[in-house]
Amino acid sequence: MSINEPKITVVIPSHNHEMWIKDCLDSVISDTYTNKQIAVVDDGSSDNSANKIFNLISSSKEFVSNSIHGIEGIYLDSGVKIRFVSTTDSVGPSAARNIGMKLFYEDTDLFSFIDSDDMHISGKLKETTQKMMDNYGYVGVVYCDYINFFTENKIIQEEYKEPFCKDRLLNECIIPCHSLVAKYAIDETGFFDEEMRVAEDYDLWIRISKKFVCYHVPKKLAVVRRGPHNSDHTVDKNIWGKNWQRIREKIKNDQ
């Protein structure tokens, strides 16, 4: 691993975001950090997402990684390597992210997550990676502020997160899903809990915080689309309740 420029795998789970996936990918490519690669997992989309992603990959060929079959190549003419997997049925965001990590697991130092309807602001990878490497082995997650973009009324809202506090994290998810995670933290705490349909990132942050510090970069480095397509609108409230209860039980059992 290069301490100056570690290898980052940007993991992008995608489900029915045909209209936004190219914006997401372009924003990752435009990010000034160079030592990166992209893993995209189309999670059983019913729109044309999978074909759209496939058509953005040049010099494509089949690959197998950790028993996962997919397509790899270069994203357009960017020179950035991309691996793409499309599942027949929806496996959920946890499993999709886990598949994405496994696509490059032996050839990466850090994982950066971004949902396919969201975007990087250029500098996100460089800023978050610098803080990770300044505290290598001590910090497990680096997160940042971001901009909310409401798709229905086009309103923009700035979202400022708070500095990390483990006690606060146990009461509220103060870390967004589009965060940078050290591979060594995944090695220690495991992947996303695939039994969780929502709040799966919160569960992972709690597990990582037991062994590592999380670090907040007070800069707006991502754009998050908000609207009726988000899981807080599309996922049944009973499922939300079940997943939150699962987290609370995990916290209680660890005390």
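1. Start at Thr129. A polar atom of its side chain lies 2.6 Å from the backbone oxygen of Leu125. The model is a predicted one, so read this distance as a computed value.

2. Thr129 sits in helix α4, which spans residues 124-134. Its relative accessibility is 3%. Thr129 therefore counts as buried, because the cut-off for that class is under 20%.

3. Who surrounds Thr129? Setting aside residues up to four places away in sequence, Thr129 touches Pro6, Ile8, Tyr33, Leu110 and Leu180.

4. Next, the nonpolar cores. The largest contains 55 residues. Ile12, Leu25 and Met132 have the most contacts inside it. Another core lies apart from the largest one. This other core has nine residues, including Ala39, Val41, Ile99 and Leu103. In soluble globular proteins, nonpolar side chains tend to be buried together.

5. Ile12 deserves a look of its own. Beyond its neighbours within four places in sequence, Ile12 is in contact with Ile21, Cys24, Leu25, Val28, Ile38, Ala39, Val40, Val41, Ile114, Asp115 and Ser116.

6. Now the cavities. How many of 30 Å³ or more does a search of the whole structure find? The search finds one. The volume of the largest cavity is about 40 Å³.

7. The lining of the largest cavity consists of Asp203, Ile206, Arg207, Lys210, Ile247, Lys250, Ile251 and Asp254. By class, five of the lining residues are charged, three are nonpolar and none is polar. Helices α7 (200-209) and α9 (237-254) each supply at least two lining residues. The most comes from α9, with four residues.

Key:
Residues numbered from 1 in each chain as written. Predicted model: local features only at pLDDT ≥ 70, side-chain atom pairs only at ≥ 80, totals over all residues. Heavy atoms only, no water. Buried < 20%, exposed > 50% of the residue type's maximum accessible area, 1.4 Å probe, protein only. Polar contact = N/O pair within 3.5 Å; in protein donor to acceptor, adjacent residues only side chain to side chain. Contact = heavy atoms within 4.5 Å. Core = buried A, V, L, I, M, F, W, Y, C linked by side-chain atoms within 4.5 Å. 1 Å grid on protein atoms, 1.4 Å probe; cavity = no way out; pocket = protein on both sides within 12 Å on 5 of 7 lines; lining within 4 Å. Points joined across faces, edges and corners; volume = space filled by probe spheres on them. Nonpolar A, V, L, I, M, F, W, Y, C, P; charged D, E, K, R; others polar.
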